[in-house]
Amino acid sequence: MRLVIRALLAVTLVFPSAMAVSAEADANNNQQRPPETLGYVEWVVMKDTNLRLKARLDTGAKTSSLHAVNIEGFERDGEEWVSFQIPLGDHEDQPTEGELDHDDVILEFERPVERTVLIKRKGAPSQKRYVVMMDFCIAGTTHTTQFSLTDRGKFSYPALLGRRFMRDDNILIDSADSFMAEKECEYITLEELAKRHAENVVEETDSDS
């Protein structure tokens with residue numbers, strides 16, 4: 001039996017003036033944030049689900065990216081949205097008590113589209129990618145940045161943090177070391193994750209079973 005956990009986003013409408021004030025406050029906070037040095041690989045925890053992932057901090061990429069599959073765009077109330085899934089079996093980073101297999105849990109998301117990008121690939125057709133805003137914790141601090149959605153199942157790290165995040169949050173990278181964060185982000189076990197979101201769980205029969 002496969003558990004599909006839905007992590008839908010509740011959208012709050014705000015007036016443009018409030019948005020401008022918030023953006024100005026964020027800019028001021030970023031300017032005041034002291035530089036922080038992190039390793040080229042660190043743990044991140046996605047805030048809405050407490051999903052823990054290894055992330056590579058890559059100065060060669062401008063936009064961060066997140067592992068996702070079954071990525072489908074759709075329209076909601078005249079706005080462009082995207083649905084996607086994160087199968088926990090592709091990267092078994094969530095601690096487990098042994099009651100569930102990572103392959104048995106899939107997180108399902110719906111997010112408004114921030115923008116789309118066209119990725120040119122050598123020897124292959126260009127690829128359209130959706131970009132969404134996501135909150136995550138790294139080194140004990142919550143951040144918000146843009147993530148492009150792409151299948152990273154064949155890569156070692158399900159998340160990649162790019163220069164946009166580093167610039168906005170005053171992050172420096174030590175390319176010779178990893179897991180340098182002095183503070184940890186709160187996370188939960190695979191079983192707790194499934195239990196916490198039980199009201200949103202849809203049970204699906206695995207076609208292979």
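This is a predicted model: local features need pLDDT of at least 70, side-chain atom pairs count only at pLDDT 80 or more; totals for chains, interfaces and linings use all residues.
Two strands count as paired if DSSP finds at least two bridges between them.

Take strands S9 and S10 to begin with. Strand S9, residues 115–121, runs antiparallel to S10, and six bridges join the two. Within that pairing, Thr116 stands opposite Tyr130 in S10. The hairpin of S9 and S10 has two residues between the strands, and Gly123 there takes a positive phi near 75°.

Now the core. The largest nonpolar core has 33 residues, and Leu66, Ile138 and Leu161 are those with the most contacts inside it. Strand S10, residues 124–138, gives the most to this core, with five residues. As background, nonpolar side chains tend to be buried together in soluble globular proteins. What does Leu161 contact, leaving aside its neighbours within four places in sequence? The partners are Val44, Ala55, Arg56, Leu57, Asp58, Ser64, Phe136, Ile138, Phe147 and Met166.

Next, strands S7 and S8. Strand S7 covers residues 79–87, and it pairs with S8 in the antiparallel sense over seven bridges. Strand S8, residues 105–112, has seven of its eight residues buried, so the rest of the structure largely encloses it. The bridge partner of Phe84 in S8 is Phe109.

That brings me to the aromatic pairs, of which the count is five. Phe84 and Phe109 form a stacked one, at 5.1 Å centre to centre with 10° between the planes. Phe84 lies in strand S7 and Phe109 in strand S8, so this pair ties together parts that are 25 residues apart in sequence. Are these two residues buried or exposed? Phe84 counts as buried at 1% relative accessibility, and Phe109 is buried with a relative accessible area of 1%.

Another of the pairs is Phe136 with Phe147, edge-to-face, at 5.6 Å centre to centre and 80° between the planes. Phe136 is in strand S10 and Phe147 in strand S11, residues 141–150, and the two are eleven residues apart. Both are buried. Together with Phe165, Phe136 and Phe147 form one aromatic cluster.

Back in strand S7 there is also Ser83. Ser83 has a relative accessible area of 19%; buried means under 20%, so Ser83 is buried. Leaving aside neighbours within four places in sequence, Ser83 is in contact with Asn70, Ile71, Glu72, Phe74, Phe109 and Glu110.

Two arginines sit over rings. Arg76 lies over the face of Trp81, 4.4 Å from the ring centre. Arg152 lies over the face of Phe155, at 4.8 Å from the ring centre.

Last, the disulfide. A search of the whole structure finds one. It joins Cys137 to Cys185, with an S to S distance of 2.1 Å. Which hand does the disulfide have? The torsion about the S-S bond is about -85°, so the disulfide is left-handed. Cys137 is in strand S10, while Cys185 is in the loop between strand S13 (171–174) and helix H3 (190–196), 48 residues apart. Cys137 counts as buried at 5% relative accessibility, and Cys185 counts as buried at 10%.

Technical notes
Residues are numbered from 1 along each chain as its sequence is written. Side-chain values use heavy atoms; hydrogens and water are left out. A nonpolar core is a set of buried Ala, Val, Leu, Ile, Met, Phe, Trp, Tyr and Cys residues joined through side-chain atoms within 4.5 Å. Buried means under 20% relative accessible area, exposed over 50%, partly exposed in between (1.4 Å probe, protein chains only). Helices (H or I, at least four residues) and strands (E, at least two) are DSSP runs, numbered from the N terminus. Contact means heavy atoms within 4.5 Å. Rings of Phe, Tyr and Trp (its six-membered ring) pair if their centres lie within 6.5 Å; planes under 30 degrees apart count as stacked, over 60 as edge-to-face and the rest as tilted. A charge sits over a ring if NZ of Lys or CZ of Arg is within 6 Å of the ring centre and within 35 degrees of the ring normal. A disulfide is a pair of cysteine sulfur atoms within 2.5 Å.
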